[in-house]
Amino acid sequence: MFRRKLAVLLGIVALCLPSLGHAENYAAFAIGPNIATLDTTDVGKIDLANNLAYGAKFGHYFDDRGFNWFGLEVDMYRSAPDVKQQNILVHSLAFNALVRVTGYQYKVEPYAGLGIGLNMGNLSDGNFRPEASFAPSFNVLAGIKYFVTPKIAPFIEYKYNFAHFSFSRSNITADYRANLFMFGVAFHFGR
């Protein structure tokens with residue numbers, strides 16, 4: 001199922017490659033609080049320590065075929081939502097499809113998106129070797145940008161991330177749910 005969704009997303013990107021030269025691209029950097037839970041099969045729901053997540057994303061809005069309201073982005077971020085006895089480190093790589101309210105005469109630009117990705121969870125403590133688990137992830141996001149210049153836009157974004165981790169050596173399976181409130185700056189090119 002995950003491979004099929006990834007193949008569809010890559011197919012869409014390949015079909016739209018000819019328009020990359022005439023479109024709006026951006027790079028963004030963000031930081032913000034991560035409020036996460038881990039719902040395990042044996043212990044139950046564990047509220048993880050609130051921490052700061054940080055990351056970057058690179059995106060592309062299609063501009064030449066009347067689709068300047070639609071875009072794709074690659075989103076990467078890192079967080080460390082630890083619990084008392086365990087150190088947990090989560091890396092996330094997501095591919096999101098975005099829609100935005102266009103109209104360059106406005107300085108405010110709301111947007112929303114859905115995506116799929118891959119999360120890597122690292123689990124460690126003093127009693128056993130560190131262990132990693134890779135899991136497909138699902139993302140939902142919404143945000144708003146304010147263009148202080150035509151190319152620079154600070155933004156606020158809410159992001160929800162879900163993944164199901166399975167740590168075989170530790171015999172732990174858990175649903176990871178993260179609520180991220182990101183604050184950052186986007187740099188637009190070709191706008």
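View 1. Tyr176 is tucked away at 1% relative accessibility, so it counts as buried (under 20% relative accessible area; over 50% would be exposed and in between is partly exposed, using a 1.4 Å probe and protein chains only). This is a predicted model, where local features need pLDDT of at least 70, side-chain atom pairs count only at pLDDT 80 or more, and totals for chains, interfaces and linings use all residues. Residues are numbered from 1 along each chain as its sequence is written, and side-chain values use heavy atoms, with hydrogens and water left out.

**View 2. Trp69 and Phe70, an aromatic pair.** The structure holds eight aromatic pairs (rings of Phe, Tyr and Trp, the latter by its six-membered ring, with centres within 6.5 Å; planes under 30 degrees apart are stacked, over 60 edge-to-face, the rest tilted). In this one, the ring centres of Trp69 and Phe70 are 5.9 Å apart and the planes sit at 65°, so it's edge-to-face. Trp69 is partly exposed at 36%, and so is Phe70 at 21%. For Phe165 and Tyr176, the centres are also 5.9 Å apart, but with planes at 55° the pair is tilted. Ring pairs also link Phe62, Phe67, Trp69 and Phe70 into a cluster.

**View 3. Charges over rings.** The charged end of Arg100 sits over the ring of Tyr61, 3.7 Å from its centre (meaning CZ of Arg, or NZ of Lys, is within 6 Å of the ring centre and within 35 degrees of the ring normal). Lys145 lies over the face of Tyr26, 4.1 Å from the ring centre.
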